[in-house]
Every structure is written in C-alpha cells, then in structure tokens.
Amino acid sequence: PLESLRRAKRLVRYHRWTIIRKVVYLPFIMILFLMLVMLPVILLIPIIAEVVFLLVILLMSIIGNAYMYTLYRELVKQ
C-alpha cells in the first residue's frame, strides 16, 4: 500500500491543479445539465418528469464514470 501511495503522488506531481479542476467542475456541469433538461420537462409535461429524471440520472452516472475513467487513463499514460 505504501508503494501505491508513492506512485500516486509521483503520478499527479505536476498535474495536481488540473486534476482538481476537472474533478470539481464535473458536478457543476452535471447539475447545470440536469437543470437545463428537467426544468422544461417539469414545467411543460409534469406527468413524465419522474421518468425523465431517472433517465437523466442514469445517463449522467454513465457519463460521469466514463469521464473519471478517461481522466484516470490520461494520468496512467504519462
């Protein structure tokens, strides 16, 4: 475990702020996307809002996992 921690520290040495920025901006972008999709649906077609919400959350979790995996792969390549 200690060797893994040392390697991780070396891996992010010069990219720490870039990684933090990418990880912190992801929830903000997802919340903005959720608001842009859900507010019109809630206001115009409230009957299907629950189903659309579940689909949007499912889509955002898939996109979020893919984004984090891509970030991980970028770090490992270096």
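User: Leaving aside its neighbours within four places in sequence, which residues is leucine 34 in contact with?
Analyst: Happy to start there, and keep in mind that this is a predicted model. Leucine 34 is itself part of the largest nonpolar core. Once its neighbours within four places in sequence are set aside, its contacts are Leu39, Phe53, Val56, Ile57 and Met60.

User: Which element gives the largest share of that core?
Analyst: The core has 9 residues in all, among them Leu26, Leu34, Val52 and Met60. Two elements each give two or more residues to this core: α2 (16–44) and α3 (49–77). The largest share, 5 residues, comes from α2.

User: Is the chain a compact globule or more spread out?
Analyst: Let's begin with the elements: the chain has 3 helices and 0 strands, and from the N terminus on they run α-α-α. For 78 residues the globule rule gives 12 Å, but the radius of gyration is 18 Å, well over that value, so the chain is more spread out.

User: What box do the C-alpha atoms fill, and what percentage of the residues count as buried?
Analyst: Good thing to look at next. Taken along the principal axes, the box is roughly 55 × 20 × 20 Å. Of the 78 residues, the share that counts as buried is 17%.

User: Which salt bridge links distant parts of the chain?
Analyst: A search of the whole structure finds 4 salt bridges. In one of them, lysine 22 meets glutamate 74, with the closest N and O atoms 3.3 Å apart. Lysine 22 lies in helix α2 and glutamate 74 in helix α3, 52 residues apart, and the pair that links these distant parts is lysine 22 with glutamate 74.

User: Is arginine 7 exposed or buried?
Analyst: The cut-off for exposed is over 50% relative accessible area. Arginine 7 has 55% relative accessibility, so arginine 7 counts as exposed.

User: What is the angle between the planes of tyrosine 69 and tyrosine 72?
Analyst: The whole structure holds 1 aromatic pair. Both tyrosine 69 and tyrosine 72 lie in helix α3, 3 residues apart, about one turn of the helix. Their pair is tilted, with 6.3 Å centre to centre and an angle between the planes of 40°.

Notes
Residues are numbered from 1 along each chain as its sequence is written. This is a predicted model: local features need pLDDT of at least 70, side-chain atom pairs count only at pLDDT 80 or more; totals for chains, interfaces and linings use all residues. Side-chain values use heavy atoms; hydrogens and water are left out. A nonpolar core is a set of buried Ala, Val, Leu, Ile, Met, Phe, Trp, Tyr and Cys residues joined through side-chain atoms within 4.5 Å. Buried means under 20% relative accessible area, exposed over 50%, partly exposed in between (1.4 Å probe, protein chains only). Helices (H or I, at least four residues) and strands (E, at least two) are DSSP runs, numbered from the N terminus. Contact means heavy atoms within 4.5 Å. Rings of Phe, Tyr and Trp (its six-membered ring) pair if their centres lie within 6.5 Å; planes under 30 degrees apart count as stacked, over 60 as edge-to-face and the rest as tilted. The radius of gyration is taken over C-alpha atoms; the globule rule is 2.2 Å times the number of residues to the power 0.38. A salt bridge is a side-chain nitrogen of Lys or Arg within 4 Å of a carboxyl oxygen of Asp or Glu.
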